[in-house]
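Please open the structure in your viewer and keep the selection tool at hand.

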Amino acid sequence: MAQLSDDCFAQEGRLMRVAEARALLEEVVSQVSEAEPLALHLALGRILLEDVVARIDVPPHDNSAVDGYAVFFDDLDPKAETLLPVSARIAAGHPLDRPARRGEAARIFTGAPMPEGPDTVMMQEDCRLEGERVVIAPGIQKGANRRARGEDFAAGDIVLRRGIRLRPQDLGQAAATGRREVLVAKPLRAALFSTGDELCEPGEELGPGKIYDSNRTAIHALLTGLGCAVSDLGILADEPDSLRAALAGAARGHDLIVTSGGVSVGDEDHVKQAVEALGKLHLWRLAIKPGRPLALGQIGAVPFVGLPGNPVAVMVTFLTLVRPMILRLMGAEAPEPRRFQVRADFTHKKKKDRREWLRVRLTGSGTGDLRAVKFPRQGAGILSSLVETDGLVELPEDLTRLEPGTMVDFLPFSEVCP
Ligand code: AMP
Ligand code: MG
């Protein structure tokens with residue numbers, strides 16, 4: 001397969017650090033999505049696969065920033081009121097059909113093209129009408145309230161760069177240049193399975209020893225939020241043959257296969273063997289908490305991601321490693337999410353040499369001093385730690401003890417979840 005080269009995931013028993021995992025992913029994962037032209041109103045959240053170059057200046061003509069009166073600055077008395085006859089009217093979309101004359105004022109409205117001649121617009125709130133004439137107070141600056149042609153961007157400028165994930169304002173920008181469509185990545189076709197004999201479909205009666213499959217619903221939403229077309233292929237039993245058959249089937253007609261569970265090294269963790277039999281698997285034992293095992297590989301030529309089973313570990317590994325990988329498969333240029341600095345409002349002890357993510361709630365918004373409050377139950381199976389919080393605090397490998405008041409990196413869920 002093109003995306004994950006042969007031996008770059010191999011490691012000898014040691015735990016791999018996040019930075020190393022990221023660097024490897026960046027090196028070996030490249031775009032698989034094809035490009036398709038898409039109408040702007042359908043392109044939200046897609047990865048842009050072309051540079052969008054402005055074909056026109058925007059704005060295309062000098063225009064008024066306010067409702068008021070367009071005048072020649074040199075007609076104004078700098079020390080006293082000036083009286084000018086109002087002998088033209090210019091509304092948005094209706095340019096004046098003649099040059100303006102010295103000594104006249106033109107009634108003009110926001111967005112209306114500046115007539116030839118005048119350089120300055122008086123705001124109507126700062127003027128007074130006397131019959132057909134406008135009385136202009138002294139003190140305006142030359143060029144005030146005039147928006148210049150091309151001041152936003154000029155013909156030939158690159159206004160959107162290839163590889164960005166399209167936001168509403170980006171689509172507006174493309175439209176402002178006259179574009180109706182942009183070239184974007186086709187949705188990745190993602191196959192999704194859960195694995196585990198203990199799993200039961202929500203809505204069904206819970207048998208003895210069973211739990212509801214929550215990962216599949218959460219991962220489905222994560223994938224959909226990234227613009228994947230998800231095939232929900234259900235729950236796989238902890239049984240090697242059926243697991244292998246299901247994975248082989250999924251490799252046909254998909255660009256990506258995602259599973260959860262079964263990637264540890266327990267007797268009932270069969271995903272590893274199944275994928276190895278069908279393609280290649282690189283099991284990463286990551287130096288992180290939560291979420292240690294993460295499997296990456298390929299089935300035939302199709303990239304494979306084996307997420308952990310514990311729900312919190314699923315979310316953390318998905319958001320920090322798998323999400324950027326999927327965005328790269330779609331052609332994104334800078335898929336790492338931004339972190340923000342906040343102040344920790346708690347004490348925390350941690351093991352050296354591993355990265356740790358804590359679920360926190362933010363307090364103090366509005367006071368200019370955002371503080372992270374640690375959710376009290378941080379176990380890898382505690383789903384409510386994700387529900388009751390605003391995001392993740394990321395603690396570096398070197399840290400062993402965090403004191404209240406320390407600045408820490410914060411990844412808001414709103415930055416990475418749809
Ligand atoms: P595993 O890696 O398969 O041993 O799973 C680790 C833990 O995650 C076990 O407690 C599983 O019951 C739990 N788990 C695995 N898959 C899911 C799932 N789809 N939904 C909720 N919990 C799961
Ligand atoms: Mg399992």
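**First stop: the pockets**

By class, the residues that line the second largest pocket are six nonpolar, 10 polar and five charged. In this classification Ala, Val, Leu, Ile, Met, Phe, Trp, Tyr, Cys and Pro count as nonpolar, Asp, Glu, Lys and Arg as charged, and the others, Gly among them, as polar. This is a predicted model, in which local features need pLDDT of at least 70 and side-chain atom pairs count only at pLDDT 80 or more, while totals for chains, interfaces and linings use all residues. Residues are numbered from 1 along each chain as its sequence is written, chains are lettered from A and ligands numbered from 1 in the order in which they are written, and side-chain values use heavy atoms, with hydrogens and water left out.

Select Glu 198, Leu 199, Ile 211, Asn 215 and Gly 309: of the 21 residues lining the second largest pocket, these lie nearest its centre. The space in this pocket is about 310 Å³. A pocket is an open set of points on a 1 Å grid over the protein atoms alone, where a 1.4 Å probe fits, with protein on both sides within 12 Å along at least five of seven lines; lining residues have an atom within 4 Å of a point. Grid points are joined across faces, edges and corners, and a volume is the space filled by probe spheres set on the points.

Next, select Arg 165, Leu 166, Arg 167, Arg 323 and Glu 415, which lie nearest the centre of the largest pocket among its 28 lining residues. The volume here is about 650 Å³, and the lining comprises 14 nonpolar, four polar and 10 charged residues. Which helix gives the most to this lining? It is α8, with three residues. Colour α2 (168–176), α6 (311–329) and α8 (413–416), each of which supplies at least two lining residues. Helices (H or I, at least four residues) and strands (E, at least two) are DSSP runs, numbered from the N terminus.

**Second stop: two domains**

Colour domain 1 (18–34 + 186–329) and domain 4 (340–416), two of the domains in the assignment of the chain; such bounds come from an automatic or database domain assignment. Their C-alpha centres lie 26 Å apart. Across the boundary, 17 residues of domain 1 are in contact (heavy atoms within 4.5 Å) with 19 residues of domain 4. The two domains bury about 1,500 Å² between them, 68% of it on carbon and sulfur atoms. Now select Lys 289, Val 312 and Leu 319, which supply 35% of the area that domain 1 buries against domain 4, more than any other three residues. Buried area is the accessible area (1.4 Å probe) that two parts lose on being put together, summed over both.

Pro 290 is located in the loop between β19 (288–289) and β20 (293–299). Another cis peptide bond joins Val 58 and Pro 59, with omega about -5°; Pro 59 belongs to the loop between β2 (52–53) and β3 (63–64).

Finally, select Asn 145 in the loop between β9 (133–136) and β10 (146–147). Its phi is near 60°, a positive value in a residue other than glycine. Ile 140 is placed in the loop between β9 and β10. Leaving aside neighbours within four places in sequence, Ile 140 has contacts that include Phe 73, Leu 76 and Asn 145.
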